[in-house]
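Welcome! Take a moment to look over the sequence and the 3D view, and then we can walk through a few places together.

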Amino acid sequence: MKHNNHESVELPCEFTHASRRDFLQKSILGTAGLGLGMMASPSSAQADARDPDSELVFRTEEPDVTHTVDVLVVGGGTAGTIAAIQAARAGAKTLLVERGAQLGGTLTTGGVSFPGLFDAWGRQIIAGIGWELVKESVELDGGSLPDFSQVPARHWQNQVQVNPFVYAMLAEDKCTEAGVEIAYYEFPQTIKRTSEGWQVDCAGFGTKRHVFCKQIVDCTGGAEVVGMMNLPRLREKETQPGSMLFSFNPHNPGRGRGAPLSPAGGRVHYVHGADSSNSRTVTAANLTGRKNALDFIRQNPERRILHMQPEASFRENYRIQGETLIAVDDYRSGGVFDDAVCYAVYPVDLHTRTGVVPEPLENGIIPTIPLRALIPKNSRNIMVAGRCVSSDRLANSGLRVQAPCMAMGQAAGATATLAAKSGKTPLDVPLDDIHSLLNAHDAIVPGF
Ligand SMILES: Cc1cc2nc3c(=O)[nH]c(=O)nc-3n(C[C@H](O)[C@H](O)[C@H](O)COP(=O)(O)OP(=O)(O)OC[C@H]3O[C@@H](n4cnc5c(N)ncnc54)[C@H](O)[C@@H]3O)c2cc1C
């Protein structure tokens with residue numbers, strides 16, 4: 001498909017399904033030319049066509065959708081939802097492409113509905129759009145918020161119990177209100193550089209969408225878009241296990257320590273080797289997670305499963321190699337980066353085959369996240385937010401939790417918007433402008 005304003009240079013892509021699609025189209029046309037030739041008018045091209053000779057039923061291609069936006073956010077999870085709302089509220093025309101059926105990602109679909117940590121050492125350190133959603137979800141659901149002026153004995157006691165169903169609805173409502181367009185069941189297939197930014201061709205069932213955008217924010221968890229662009233990503237041979245969450249108690253969302261994890265009957269089964277990279281690895285994780293649960297109830301016939309998440313959840317796969325990398329020493333020391341855009345607090349929390357022993361940060365330490373850790377090295381017009389932040393593995397085990405993911409999402413959404421408006425790449429956007437925009441949208445910016 002040709003567009004006059006957009007000169008395209010094909011980037012080397014890690015995966016593109018174009019050749020397979022071409023093959024399928026050619027095969028269909030090759031065997032079905034007769035049947036298609038018999039179709040009465042162009043308007044019937046969207047209907048099913050029956051070949052009288054072969055008795056095969058063909059479904060012809062749906063029309064392509066073309067979309068021009070300032071900011072494309074890929075992945076509507078913990079970070080991506082916030083990135084999209086921030087971009088749209090700051091005036092960017094924003095499209096949010098999500099492969100699943102709802103917003104929230106690991107917080108909703110994964111069942112980890114107890115985001116942490118918005119506070120440290122007796123004060124709130126992360127606010128802004130993520131906090132707005134969490135707080136309003138709790139209020140709408142009649143739940144209660146922790147008292148951040150109290151330093152709890154255990155870090156998780158200040159995680160917020162959120163009803164994930166309310167959160168998913170509210171996230172959608174806030175996106176719509178801000179003007180974010182949402183495309184569910186879609187994912188990028190090919191990406192090309194254009195004179196103004198990117199052409200990202202997305203696929204969904206019955207949909208082919210050509211997106212022309214100035215900036216991309218990759219919030220897929222494992223930096224899938226960055227991988228498609230062949231920009232460097234980091235991953236160790238062994239990664240933390242994922243989990244399948246289910247419960248033997250009636251689900252009581254937003255209460256207790258998150259129903260599936262509550263001591264009274266909740267189960268979190270590790271899924272070793274769980275990898276969120278693609279549909280094959282996610283399928284494998286779901287199969288393993290459900291098989292483990294099935295084995296468990298076969299061995300415990302007195303137990304009844306009353307709640308189960310539809311998908312496994314993932315702690316780790318790829319992180320980006322960014323313009324800078326947060327090392328665990330940076331994280332543990334709490335040094336403020338020159339280009340810090342938000343805080344992040346959590347113990348170093350590396351899960352292994354045998355479990356996890358969280359290593360709390362020393363009293364008073366509040367790590368920060370620099371803008372350059374959200375920008376893939378040597379890239380232009382792309383950022384990330386979420387657990388794929390540029391960091392070593394141990395630092396990442398603390399940075400990956402939900403409140404910092406939301407704060408990163410807001411910082412990336414703000415920066416991408418400023419970049420799109422000024423025709424700059426994110427690295428060249430003045431830090432003061434980013435800080436001012438974040439501050440205007442109620443985010444807490446280190447040192448601002
Ligand atoms: C079992 C478990 C327990 C945890 N416990 C805690 C806890 O107690 N407290 C806490 O704060 N954090 C916890 N975490 C960590 C935290 O939940 C995650 O690290 C965080 O939610 C990740 O956010 P994200 O935005 O990076 O990714 P996600 O929230 O996973 O969002 C990624 C989104 O991108 C979509 N996507 C992926 N690929 C594509 C694609 N190619 N195209 C379109 N869309 C795509 C996905 O469908 C998803 O919606 C836990 C995690 C796990 C797995």
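## A polar pair at D339

Let us begin with a side-chain pairing: D339 and R372 make a polar contact through their side chains, at 2.8 Å. Please keep in mind that this is a predicted model.

Where does D339 sit in the chain? Its place is the loop that runs between α7 (328–333) and β17 (340–343). D339 is buried, as its relative accessible area is 9%, under the 20% cut-off. Setting aside neighbours within four places in sequence, D339 has contacts with I369, P370, L371, R372 and L431.

Around F118, leaving out residues up to four places away in sequence, the residues touched include I125, W131, F148, A403 and M406.

## Cysteines without a bond

How many disulfides does the structure hold? The count is zero. For C388, the closest cysteine sulfur belongs to C219 and lies 7.2 Å away, so it is too far for a bond. The sulfur of C405 has its closest cysteine sulfur in C388, at 8.3 Å, which is also too far for a bond.

Both cysteines are buried: C388 has 0% relative accessibility, and C405 has a relative accessible area of 5%.

Conventions. Residues are numbered from 1 along each chain as its sequence is written. This is a predicted model: local features need pLDDT of at least 70, side-chain atom pairs count only at pLDDT 80 or more; totals for chains, interfaces and linings use all residues. Side-chain values use heavy atoms; hydrogens and water are left out. Helices (H or I, at least four residues) and strands (E, at least two) are DSSP runs, numbered from the N terminus. Buried means under 20% relative accessible area, exposed over 50%, partly exposed in between (1.4 Å probe, protein chains only). A polar contact is a pair of N or O atoms within 3.5 Å; within protein, one must be able to donate a hydrogen and the other to accept it, and residues adjacent in sequence count only if both atoms are side-chain atoms. Contact means heavy atoms within 4.5 Å. A disulfide is a pair of cysteine sulfur atoms within 2.5 Å.
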